[in-house]
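Thanks for coming. I will go through the ligand site and the pockets of one protein. Please have a look at the sequence and the model first.

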Amino acid sequence: MERRIPVQSRTWDIDDSIDQVVRICVEAVQIASVSDLRLEQLFGELDKILLDLDDAQIGAVRQDPRYSSIRERFHLIRAEYEYRREMAVAQTIADAGREAAADQFRSADWYEIAQAFEVRSLAPYRCRRMIWLGAGPFPTSAIYFARANPGLSIVCVDCDAEACRLAKEVVRIFDCPTLEVVHADALDLSDFSYYDGVMVGLVVGVTDADKMRVVEHYTRHVPPETLLVFRTAVSSGTIIWPSVDLCLLDGVPHRLLPDPPQKLYSLIVVDRSGSGS
Ligand SMILES: C[S@@+](CC[C@H](N)C(=O)[O-])C[C@H]1O[C@@H](n2cnc3c(N)ncnc32)[C@H](O)[C@@H]1O
């Protein structure tokens, strides 16, 4: 149902789902520091709506001044929320000492769909020594990659010491001896000569300015013979997560992988050696 609602000096024709998405984002920013439970409810609701939005609706949300005026703050709140709920899952796994404790993770299926797509997409590059920036307290993607590629070693980097402490526990419990966890900020690392693959996580650089710094840093320091990959939000995923502006990669051979089955984020593959073609 269409409704005319006043926003500042203009009126907008807006359908319910656009209005609902915008209201959830606004409320999330308003309550972020006071109620984890309400935030969980809001994001649970939002994540369901996102998958059904079409391009016109996504565009309308992004142009809505109620959303555009809070976009970066909202992305920071979403990133903090993702971190906190992963810390909770990692702590549960560490306390239980069992892999199965991860089954209660609300986004497990999302991740699995995305990880299978990412493993398939990067298989032609035959990486043996990867570094994963922003692997998290529950490095589920690095674990998935290591299990899908026996012999692949992955250095999981996180800027949060507590996340690293828990990630080491999780990696031990999941029995992934080829995974190493390192506490560092992605922007403090510049020697990638040892690696044949570099994966830069979705929330490494959340604000536009931070994301630009991350992209510039990695395109400058990762050697041309090393595969460089950025996770980036796409489609309705850009409402909740940061994306890499492709203009930042002008002059650098890159490819945004189309049609990610998980719909919300995909990979930008920077292959300056042409090894994957
Ligand atoms: C929540 S996790 C998500 C990744 C998820 N665990 C996976 O396996 O796909 C994202 C992590 O990125 C880390 N992070 C964000 N910015 C970073 C940076 N500049 N350097 C290193 N880690 C960073 C955060 O601390 C957080 O733990």
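This is a predicted model: local features need pLDDT of at least 70, side-chain atom pairs count only at pLDDT 80 or more; totals for chains, interfaces and linings use all residues.

There are 19 residues around the ligand, and the ones that come nearest are Glu-86, Ala-135, Ser-141, Asp-158 and Arg-231. Residues are numbered from 1 along each chain as its sequence is written, and side-chain values use heavy atoms, with hydrogens and water left out.

By class, that shell has 11 nonpolar, 4 polar and 4 charged residues. Here Ala, Val, Leu, Ile, Met, Phe, Trp, Tyr, Cys and Pro count as nonpolar, Asp, Glu, Lys and Arg as charged, and the others, Gly among them, as polar. Helix H5 (71-96) and helix H7 (140-148) each supply at least two residues of the shell; helices here are DSSP runs of H or I with at least four residues, strands are E runs of at least two, and both are numbered from the N terminus.

Now the polar contacts, meaning pairs of N or O atoms within 3.5 Å. A side-chain N or O atom of Ser-141 is 2.7 Å from an oxygen atom of the ligand. Asp-158 also places a polar side-chain atom 2.7 Å from a ligand oxygen. With Cys-159 it is a backbone N or O atom, 3.1 Å from a nitrogen atom of the ligand. The ligand taken alone exposes 600 Å², and the protein buries 89% of that, by the Shrake-Rupley method with a 1.4 Å probe.

Where does the ligand sit? In the largest pocket, in that more than half of its atoms lie within 2 Å of the pocket's grid points. A pocket is an open set of points on a 1 Å grid over the protein atoms alone, where a 1.4 Å probe fits, with protein on both sides within 12 Å along at least five of seven lines; lining residues have an atom within 4 Å of a point.

The largest pocket has a volume of about 900 Å³, counted as the space filled by probe spheres set on the points. It is lined by 40 residues, and Ala-79, Gly-134, Asp-158, Val-203 and Val-204 are closest to its centre. H5 gives the largest share of this lining, 7 residues.

The second largest pocket has a volume of about 290 Å³. H7 gives the most to its lining, with 4 residues.

Methods: A residue is near a molecule or strand if one of its heavy atoms lies within 4 Å of it. A polar contact is a pair of N or O atoms within 3.5 Å; within protein, one must be able to donate a hydrogen and the other to accept it, and residues adjacent in sequence count only if both atoms are side-chain atoms.
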